[in-house]
Amino acid sequence: MNIDFLDTATKIALHLEAMYYDFGYRKYKMNRFEPYSFYMENENFLEDSRVITIQASSGKLLALKPDVTMSIVKNHKSYDKTKIYYNEPVFKVPAGESDFKEIQQVGLEYIGSVNINETIEVLHLAIKSLEKIGEFKFLISDMSIVNELFSQYEISPKDRKEIIKRLKQRNMHELAEYPNVFQKLIALPANCHSAIAQMEGDSDFTPCLNRIARLKQIIDDLAEVTNMDKIMFDFSNVTGTQYYNGLTFTGYIQGIASKVLSGGRYDNLLKEMGEKDKEAIGFAVYLTEIDGAKKYDKSIITQS
């Protein structure tokens, strides 16, 4: 089929959807609206609590969805699939901006029992998604290590937010107000194996050794299925939302300032919504950002 008439982002989305389907994921279509109360009840899981609302004819207040994953978790029981992919818009204020924006996303979610094999599959598909777009870098961090350190040093909720903020800014100077281990997090080498070895050999990370061992297994297994040259550690890549409780990852494309992919392990969200016996991991590719890419894999737009 000739798809030359389509824009870059749409062409890429078609091939990403086909790739996810080939790996056993099935498409999930959702409503653009959710009850406004749903987002207010789960405000802690939103990057920004501002949402666009509209009053239904029944008088009920609805919101244009600012987040796909929350809607999938809320409604996936009726779909009864473990492996889900989607191509959906969200409506939110992007970080660092002041106005609402429609952002088209294609992504996938694995909801069920998430072990090492499922984790590697999702990471591998995230990396392959970036390969479809252009020259990339893939950043990995782990909120379970950060949260373990928060517990070990009895960091208050207010200070946790400050530490996350300063990690994201790589603000070594202001992190000095807190235990030294948080400075060490952003001073870790980018090479994944070197970073893990450094944490294993540092007594400040002793409370996290079980989590570091699990992360080491993920990195070792990932290295067997993908080239690790463009994959690196970066604990400034942590997230301030309460979504994630484990591995987190972000993808960047050369020529695009903003991230084009983000994801991670989000068991916390499932537990909050009553799914205490399930785990989840997933990611989203931001097609709106990709549409401005200068470089991408031109081979995908000539495939039939």
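Here are a few questions and answers about the sheet and some helices in this predicted model.

Me: Which strands stand at the edges of the open sheet of eight strands?
Reply: Start with the strand order, which is 1-5-6-11-10-9-7-8, with mixed pairing.

Me: In strand 9, what is the bridge partner of I140?
Reply: Okay, look at strand 7 (residues 136-142) and strand 9 (residues 247-253), which run antiparallel. Seven bridges join the two strands. In the bridge that involves I140, the partner from strand 9 is F249.

Me: Which helix lies across strand 7 and strand 9?
Reply: Stay with that antiparallel pair of strands. The helix we want covers residues 143-152 and runs at about 35 degrees to strand 7. That's helix 5.

Me: Are helix 9 and helix 10 roughly parallel or roughly antiparallel to each other?
Reply: The axes of helix 9 (residues 192-200) and helix 10 (residues 209-223) come within 10 Å and cross at roughly 160 degrees. Angles over 145 degrees count as roughly antiparallel. So helix 9 and helix 10 are roughly antiparallel.

Me: How many nonpolar residues does the contact of helix 9 with helix 10 have?
Reply: On the helix 9 side you'll find C192, H193, I196, M199 and E200. They meet L209, I212, L215, K216, I219, D220 and A223 in helix 10. Sorted by class, the contact has one polar and three charged residues, and the nonpolar ones number eight.

Methods. Residues numbered from 1 in each chain as written. Predicted model: local features only at pLDDT ≥ 70, side-chain atom pairs only at ≥ 80, totals over all residues. Heavy atoms only, no water. Pairing = 2+ DSSP bridges. Helix = DSSP H or I, 4+ residues; strand = E, 2+ residues; numbered from the N terminus. Contact = heavy atoms within 4.5 Å. Axes fitted to C-alpha atoms, helices over the stretch in contact; angles between N-to-C directions. Parallel < 35°, antiparallel > 145°, perpendicular 65-115°, else oblique. Nonpolar A, V, L, I, M, F, W, Y, C, P; charged D, E, K, R; others polar.
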